[in-house]
Amino acid sequence: ADMGTLRRVADRIPPAAIFIVLTELAERFTYYGITGPFQNYIQNGYKTGPRPGAINGGQHMATGLGNFFQFWCYLTPIFGAIVADQWLGKFKTVLLFSIIYIVGDLILTLTAIPASIRHGGALPGMIIAMITIGLGTGGIKSNVSPMVAEQYGRYRPFVRKLKNGTEVVVDRELTVQSIFNWFYWAVNVGGLSAIATTEIEANVDFWPAYLLPTLMFVVCVIVFWLGRKKYVITKPNGSIVIKAYGTIAAAIRNHRKAKASNQLLIGEDGKKANWMDYAKPSNNLCDAGVQWDDKFVDELRVAIRSCKIFLCYPIFWLCYGQLSNNLVSQSGQMNTGSVPNDIMQNIDPLCIIILIPVFDWLIYPGFRRCGMELRPVARITIGFLVAALSMAYAAIIQHVIYTKGPYYKNAGDEGYGFNDISAGIQIPAYILMAISEIFASVTGLEYAYKRAPESMKSIIMSIFLLTNAGGSILAFAFNPISSNPHMVENYAIVSGLMGAFAILFVICFRHYDQREVQEIKDNTVFEKN
């Protein structure tokens with residue numbers, strides 16, 4: 001049979017990848033387990049009102065510090081990527097930063113004991129822990145996701161005969177897509193730890209709520225270390241950041257010179273050369289002995305082109321960020337029955353855990369069977385539109401909360417209880433956000449890995465993670481309206497922005513999908529059986 005007509009399928013996930021997925025599961029268990037109680041811990045007083053608390057800083061301070069922590073956790077991966085690429089390699093970097101992470105967990109746990117809270121140690125302890133844990137996260141996050149995909153060693157598609165005799169093409173691209181789906185699934189299984197920690201916080205105290213994730217993380221480091229003999233380990237090859245900076249600077253400098261002296265390069269097709277071509281040593285415009293070659297310049301050009309796709313992501317992360325702060329406060333304005341208000345945010349990872357296998361086994365293969373492949377740009381666009389819907393729904397709920405008694409627009413504020421409305425009506429907002437993450441967030445991870453040249457996997461991944469920090473900066477701008485009675489406007493503006501950016505995204509990038517299909521056709525070489 002002709003290879004072009006056979007159905008494409010994903011390969012099995014290698015065992016070494018499973019060790020790394022388990023490590024990420026445990027790291028996220030720790031991260032979400034700790035951050036689950038943050039909003040209450042900072043917002044409310046210690047044993048003063050109906051909701052648990054410690055610092056008594058109010059909603060502004062809680063949302064502000066939460067945004068700072070998220071911003072910091074997604075800024076540090078750049079640093080983690082440089083350390084891995086330049087000096088230690090991914091495996092050692094993950095180990096080193098895990099130890100820093102554990103130190104941060106211990107600081108947080110110890111400053112949350114009742115004596116420390118009563119003597120004012122909770123806030124300074126919290127801030128020091130946030131900085132330390134954020135640093136630890138950076139070294140892990142930028143390296144774990146490229147490391148997991150690196151464990152799959154086959155680069156060329158090959159034909160496999162299934163038990164029923166049909167022939168299929170086992171395709172690397174689909175395997176990487178599947179690996180990232182399951183990676184994200186593990187992230188969200190870990191995310192369920194917030195159910196346990198918010199229950200412990202409500203019924204026991206904060207320090208045991210922080211102790212559980214700390215212990216889990218120690219287990220995680222041991223699991224990661226045990227798999228060391230199985231991993232495909234890539235050696236560090238000098239920092240790409242410094243090399244890329246030099247290349248881009250040389251390209252701009254040489255392009256300017258050529259323009260001034262009217263000696264612009266012409267490509268083989270008779271068109272003007274791309275500005276990046278001016279950094280190629282073969283064009284003899286650079287000083288002798290530069291650290292890069294022509295291949296590196298081409299790779300860097302692809303990398304920069306791929307990073308353009310990330311420009312719309314900060315708005316998406318702004319939507320996602322509402323789940324862990326403003327929507328927690330929103331459920332505090334409603335009747336949550338016998339469960340704590342901050343348990344509601346766990347509906348999001350629960351939905352993802354249920355839906356990812358559905359997407360991986362049914363929806364995506366279903367589209368492929370019908371001859372319609374959902375390419376990255378199409379998937380990301382759907383994700384953005386669904387996120388906008390989720391925020392629009394949150395705005396409607398907020399409007400309904402404000403029209404109900406007995407506290408109307410003061411519900412959930414200091415000294416006020418909740419309105420007569422069930423928090424169950426919040427659930428669709430979380431379900432929509434979960435669907436949008438599978439389309440936009442997983443595809444972003446996969447795209448960042450797939451389009452990055454071999455030498456730049458960690459750094460491109462960290463640039464994708466940096467868009468999350470961008471979302472936190474945007475969230476700071478919303479701080480003045482992230483409290484009563486402005487919450488309807490808050491969600492409505494976020495929703496409108498996301499919708500507008502989704503449309504902008506399609507207009508700017510729709511040709512990327514066609515270009516990708518063409519590149520795959522041109523570059524596919526099959527393995528010989």
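This note goes through the sheet, the cysteines, the salt bridges and one surface patch of a predicted model.

1. Three strands make up an open sheet, in which they follow the order 1-3-2 and the pairing is mixed. Strand 1 (7-9) and strand 2 (158-161) are the edge strands, and since each has a single partner strand, one side of each is left without a neighbour in the sheet. Averaged over this sheet, and with direction ignored, neighbouring strands are turned by 45 degrees against each other.

2. Strand pairing. The pairing of strand 1 with strand 3 (residues 167-170) is in the parallel sense and runs over three bridges. Within this part of the sheet, Arg8 has Val169 in strand 3 as its bridge partner. Arg8 will return below, as one of the residues in a network of salt bridges.

3. Cysteines. How many disulfides does the structure hold? The number is zero. For Cys312, the closest cysteine sulfur is that of Cys508, and at 6.6 Å it is too far for a bond, given that a disulfide requires two cysteine sulfur atoms within 2.5 Å. Cys312 is also buried, having a relative accessible area of 5%. Cys286 is likewise classed as buried, with a relative accessible area of 18%.

4. The search of the whole structure gives 21 salt bridges, and one of them joins Lys295 to Glu299, whose closest N and O atoms are 3.4 Å apart. Both residues belong to helix 11 (residues 294-307), where they are four residues apart, or about one turn of the helix.

5. Arg305 forms a salt bridge with Glu519, and here the closest N and O atoms lie 3.1 Å apart. This pair links distant parts of the chain, since Arg305 is in helix 11 while Glu519 is in helix 18 (residues 487-523), 214 residues apart. Both partners fall in the partly exposed class, Arg305 with a relative accessible area of 24% and Glu519 with one of 26%.

6. Glu516 is joined to Lys450 by a salt bridge in which the closest N and O atoms are 3.6 Å apart. Glu516 lies in helix 18 and Lys450 in helix 16 (residues 427-450), so this pair ties together parts that are 66 residues apart in sequence. Glu516 counts as buried, its relative accessibility being 4%.

7. The network. Which residues are linked in a network of salt bridges? They are Arg8, Asp171, Glu173, Arg305, Glu373, Arg375, Arg379, Glu446, Lys450, Arg451, Glu516 and Glu519.

8. A nonpolar surface patch. On the surface, Ile113, Trp207, Leu211 and Leu215 form a nonpolar patch, and together they have about 330 Å² of accessible area. One of these residues, Leu215, lies in helix 9 (residues 206-226).

Methods: Residues are numbered from 1 along each chain as its sequence is written. This is a predicted model: local features need pLDDT of at least 70, side-chain atom pairs count only at pLDDT 80 or more; totals for chains, interfaces and linings use all residues. Side-chain values use heavy atoms; hydrogens and water are left out. Patches are made of residues with over 30% relative accessible area and no salt bridge: like charges are joined within 9 Å, nonpolar side chains (Val, Leu, Ile, Met, Phe, Trp, Tyr) within 5 Å. Accessible areas come from the Shrake-Rupley method with a 1.4 Å probe; for residues, only the protein chains shown count as cover. A salt bridge is a side-chain nitrogen of Lys or Arg within 4 Å of a carboxyl oxygen of Asp or Glu. Helices (H or I, at least four residues) and strands (E, at least two) are DSSP runs, numbered from the N terminus. Two strands pair if DSSP finds at least two bridges between them. Axes are lines fitted to C-alpha atoms, for helices over the stretch in contact, and angles run from 0 to 180 degrees between N-to-C directions. Buried means under 20% relative accessible area, exposed over 50%, partly exposed in between (1.4 Å probe, protein chains only).
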